[in-house]
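Biologist: Please take one part of this model and look at it closely, describing how that part is packed and what surrounds it.

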Amino acid sequence: MTAPDAARKYDLGFARWVRDNVDGGDKLSMCMQCGVCSGSCPIGTQMDYGPRKLFMMIRAGMKEEVMTSNTMWSCTSCYRCVVRCPRGVPVTYILQDLAAKSVELGYANPNDNTRFSKSFWWSAKTWGRTDERLVTARYYFSFGLKEGMRRSLDNLKIAYCMIKAGRMHLGMPHKVKDKKGLQAILKKAAEIEQRESGS
Amino acid sequence: MAATEKKQAVYLCEGCGISDAISLDELEQAVTGEMRVPLCRRIDACCGEDGLAQIKKDIDKGEVTQAIIAACSPRVMCEEFDALGAQVIRANLREQVIWSQPAGDENTQMLATDHVRMAVAKAAKTEKPAAHGPGASSMKLLVVGGGVTGLSAAREASKTGADVVLVEKTGELGGWAGKWSKHIPYASPYRGLQENPLPDLIKEVMGDKAITVKTNTTVARTEGGPGEFAVQLQNGKGDEWDVFGAIVVATGWRPYDTAKLEPLGYGSSPHIVTDIEFEDILSAGLSKKTKKKKSLDVVAFVIPGGADRMPYSSGVSDRVAIKQALQVVEAVPGAMVYVIYEDLRAHGTAEEFYREAQEAGVVFQKGEVISISSDLTVTVRDDLLGGEVPMSGIDMVVISTGMVPNSTDIDREPSQSGADQLKDDIDPRVPITFSGKLVNGGNGAEPDKAADDDEPALPGGPILNLQYRQGPHIPILANGFADSHYICFPYETRRTGIYTCGPVRRAMTVGEARQDAQGAVLKAIQAMRAADESLAVHPRSGDLSYPKINHDICTKCRRCTVECPFGAIDEDPDGRPHINFSRCRRCGTCMGACPVRTITFDNYNPQMVADMIGAVEVPDEFAEKPRILVLACENDAYPALDMAGINRRQLSPYLRIIPVRCLGSVTMLWISTALEKGFDGVMLMGCKSGDDYQCHFIKGSGIAEERMSSVGETLKSMMLEEDRVVMEEVSIADSVRAPQVLNEFADKIGAMPPNPFKGF
């Protein structure tokens, strides 16, 4: 967490950019700072800033702080905030798109959040499911071989316990039945994204 | 009334459980025996058809001129008993005896007997009041100010059939609101900008034959009172005199001093403007094609906090900021519009308006604005953001200001001191004499205007230039707003027959001002009608009694002329008080002020209450039954005690409660009478005083407090404890607290040794 720097200047152009370019950003003006989103967030304590504060910072033009924060990466898309927001602000969409935009604009490369997110996405895209071992391994070894080994060994005991408890399996990764169908869906989604960002 | 022979009768009511709780046989014996009232009847229920008929029969036969009805509180069944034709005196046996005391108790019986004794003593000294003479009957209304409030007031008055003269200082009608392009919504559904209502309103007024519009005209002098205000109107060409029944002051507002915004950054750039200046930009039009578009891409409306500005903005400038923000969004598509606020006060229907602005994309950003630099960087401090954030990239900053009331005329020679504007009623510099001697340390010379003036004078001179002894101004309370009893009588000023409305009373929007004008006009019409019938206006509406002064006894001490909360009393050339009856509200503050007790009302006077106190039977010091006198204000304290009775809250049986018109009417004679008679304690129970007063006569309880401050010395000289005489402030809602306060006081007095004057 970083406090604002009184010696700097925060350009309100950022707020305008969010309004015009981020999915759901035009609804940010409806936010009345009640804090129901932050209060409802199951992992709010893990975030640099809760959604409420993040929105306040966007409006204040605090671009660096917003784009480098882990808030949007921590979001698990449980949609509690969206359901509860009294003003209909699509909090989850805004966070998801902010994450995407932060990668696009080069703010998020590479850090913990993006590394994990990439491994997660690799698994989801490849198998249609997430595999605990593969996601974790890919994430750990993205730091390099030495670091990957160290992290894996550090967590060996946890892995053992999880296997014992039936929370992690050995053998082939789970996958969806219709992998081809999944690929088709993803292809279509990419097409739509391409079309919308192009227009 | 002339001295016709008084024939009294006491009617003891048996209804509502009175006959079960006390022995009416004993009471009847006391009435015909020691009280020497020839006629005493017991009636099933005084207020019932049979009961009323029985009383009426006695009155019609000419056997009774004063009916003393010992039944319920004087606050109920008034119409029924007043219709009987005789003067009715009430003894409150229900609410304040049987409902607040244990039944069948010896003390309850004593209390009931004392209530009847007091009523009988009261009857001896009271007369049915008669009007002071023919009323003043002008039904023409003067409206001062040609803005939205004044125009609405004139139109509303004309609709009721009154003749109206509308006076406007400038050459044009419409005022500030007339110049603006769009307005804060003033009609349902309170969403969306509304068109300026002024052009239509001006057309209506100009087409109204009952309204005479005088532009470029001011009020030079105002004399007289309700029903007979003689007003000198002045325009460039000359003066003219006219007579009016009442005056509505709708002089509106002027912009908040921009010099006070300079520390914030106002003036450092041409792109930092006030909301009032921004109205001009909006009126000129924000077309997409104009070059303005570029300069209005990011606009920030700043609503600064600060206690100094607060009273003048009062939620109005917040709504103005919302309105202007919406106007920018509508005129410049894609513009980024901020409203930066510390406290956004969008109350009532403005909530809808606020939400609409949010939906249109206006960003409401909370934060304390620290500074606005010349390059339009707005630095905001907010705890959630964790510090100061300089926000840049703004094209124009609009600062919210406020509406300063035009309670004075800025074009006129200013008053020399704040006291001249009567923020405080009692000017400490006016020397008060008693029996020809100065009593408050004055030097007898003209008051020194420059001395001890802690309240700075407002800019400008008086609006109406009242020719009253208490000065030319309509009294103000705080921040220059006209004084009024905010809860009960919002339009009243402390000058009867003169009503303020619109932003001179408090900051308000066009919609609110129009409603305000309606209210004030209705009160003004009431005042004119009351003056016509010689009746009092609020709060003693319809009261015929009026203060009488015996000029042979008067010492010309001037206390009454100084202390009257309504400036009703002037001085004649000899220095004797001259009461303007139509200005008088019958509170009796003059009566309480008079050191020689020569100001009286027919049905309320110093001797009457003194005799009531004297009529109470005080047991000797060995009986261990103390007596405590309670002088309770009949506006709030007395009803609160009645309500306590209705809820069966028990009161100490040693209290003897007498209602008074206002604590301001309490004379020290009553306190000394009570103490000499052997009462062990005295409590004055009235309304809250001070800046947030609730006194129905505005200054009465404050004046009482001031008078009480010297009672301690007197008590000491009588070798009595100082805390035997106290004053308490209660409100009408204090039906739980008021009895507690009284009972605690009774316990405290009970613990003291008895009053040594008992039995002398």
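Modeller: The buried residues of α14(B) pack against α13 (316–331) and β18 (363–366) of chain B, where contact requires two C-beta atoms, placed from the backbone, to lie within 7 Å, and where helices (H or I, at least four residues) and strands (E, at least two) are DSSP runs numbered from the N terminus. This is a predicted model, in which local features need pLDDT of at least 70 and side-chain atom pairs count only at pLDDT 80 or more, whereas totals for chains, interfaces and linings use all residues. Residues are numbered from 1 along each chain as its sequence is written, while chains are lettered from A and ligands numbered from 1 in the order in which they are written.

Helix α14 of chain B spans residues 350–359, and its buried residues are A350(B), F353(B), Y354(B), A357(B) and Q358(B); buried stands for 20 or more other C-beta atoms within 10 Å of a residue's own, exposed for 12 or fewer, and partly exposed for anything in between, with C-beta atoms placed from the backbone. Seen down the axis of α14(B), these residues fall within an arc of 140°, so they line one face of the helix, the arc being that of the directions from the helix axis to the C-beta atoms. Just after α14(B), G361(B) takes a positive phi of about 105°.

Turning to the chain contact, 21 residues of chain B and 22 residues of chain A take part. On the side of chain B that touches chain A, the elements giving two or more residues are α14, β18 and β21 (387–392) of chain B, and the largest share, six residues, comes from β21(B).
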